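Please examine the model shown here with attention to its side-chain pairings.

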Amino acid sequence: MLATASSLASAQGSEVTHDTTDAVPAASAQREGRNWFVSLMRRIGRRSGDSLVTTSLGSPPSGDISSTAGGDSSGAVPESAVPARTVERNFKSRKDSLEWRSARAVAMKSSGYRIIVDLFARELYVLDRDDTLRVAPAATAMNATLSYGGRTWRFETPRGVRTVRGKDKDPVWTPPEWHFAEVALEHGLKLRSMQAGQRIKLKDGTILTSKGDEVGIIRAGEKEFVPLVLDEHVVFDNTLFIPPQGTKHRSIQGELGHYRLDLGDGYLLHGTPYARSIGAAVTHGCVRLADDDIEWLYENVPVGTKVYIY
């Protein structure tokens, strides 16, 4: 899922190795009005599909580069279905390169009905034994780091084997704290978390609080609770307030597209309203797919399916 930005900070090594290796099977398959206080439209924090990551995102130091030439054609995927291709891969260290080779080897030796995600190629494959059922371009992790307020978040997709734990239609996204940190950082705002029922007195005497599943205000000298507009960030006194968990203001409809497959630990295969982001490294760790591809996965991939990521 992603952030607004003015520049991309690559978190992989600055050196590049050009690799011609066997790829996973390619196939011809389918391809009120406004709040009376200062507020920011919620879309400010959701333009990540059209841009990359904030100016504060930093890159870790580059490491050694290991050669990754050669393939693992001895795996279960038929060699005849694995065309040679050139993919540019950046590694931050030799360890990183070896971890990639190990994860790829496991994927190539997998069998049965499964999903394979090639993070460098930004492609997802659905295979059933030796048959390729679906090939889909994907948006993958930006591999960058966000630091704000003494906290640091790393945006990458871990390699390895996961399992489809569940599937949802029309999912609602609950933004993690990094989402608010990105918005605050980009717009020069302070950041403060709200607790359920907490009463925060603003500079003009207005009380900012929550009631039930809504965030709202009580104007100075009044007693009436007025809910805030749902489609806006909560911004007062040059501070972006993080709404309490469980409130309507802490959820965003449509951000994950029409379908999602849960891989556990916050990682998802999901759709997106930002079609132009497909094929780019822009997510915070999830794998985004085009509408027709994620719908196909939702309808054809059962819970319990293994997902191999490298």
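The paragraphs below treat confidence, then aromatic rings, then charged side chains.

This is a predicted model, in which local features need pLDDT of at least 70 and side-chain atom pairs count only at pLDDT 80 or more, whereas totals for chains, interfaces and linings use all residues. Residues are numbered from 1 along each chain as its sequence is written, and side-chain values use heavy atoms, with hydrogens and water left out.

The pLDDT, the predictor's confidence in each residue on a scale from 0 to 100, averages 79 over the chain, and 73% of the residues score at least 70. Over residues 1-84 the pLDDT is below 50, although this stretch has 257 contacts in the model beyond near neighbours in sequence; a contact means heavy atoms within 4.5 Å. Where pLDDT is low, the predicted coordinates should not be read in detail.

Rings of Phe, Tyr and Trp (its six-membered ring) are paired if their centres lie within 6.5 Å; planes under 30 degrees apart count as stacked, over 60 as edge-to-face and the rest as tilted. The count by this rule is 7 aromatic pairs. W100 and F120 form an edge-to-face pair, because their ring centres are 6.5 Å apart and their planes stand at 65 degrees. This pair links distant parts of the chain, with W100 in helix α1 (residues 94-108) and F120 in the loop between β4 (113-118) and β5 (123-128). Helices (H or I, at least four residues) and strands (E, at least two) are DSSP runs, numbered from the N terminus. Both W100 and F120 are buried, a class defined as under 20% relative accessible area, with exposed over 50% and partly exposed in between (1.4 Å probe, protein chains only). Ring pairs also join W100 and F120 with F91 and Y310 into a cluster.

A salt bridge requires a side-chain nitrogen of Lys or Arg within 4 Å of a carboxyl oxygen of Asp or Glu, and the count by this rule is 8. R159 and E99 form one of them, at 4.0 Å from N to O. That pair links R159, in the loop between β8 and β9 (160-163), to E99 in helix α1, 60 residues apart. R159 is partly exposed at 27% relative accessible area, as is E99 at 39%.

D265 and R162 form another salt bridge, with their closest N and O atoms 3.2 Å apart. D265 is exposed, with a relative accessible area of 60%, whereas R162 counts as buried at 16%. Salt bridges that share partners join D96, E99 and R159 into one network.
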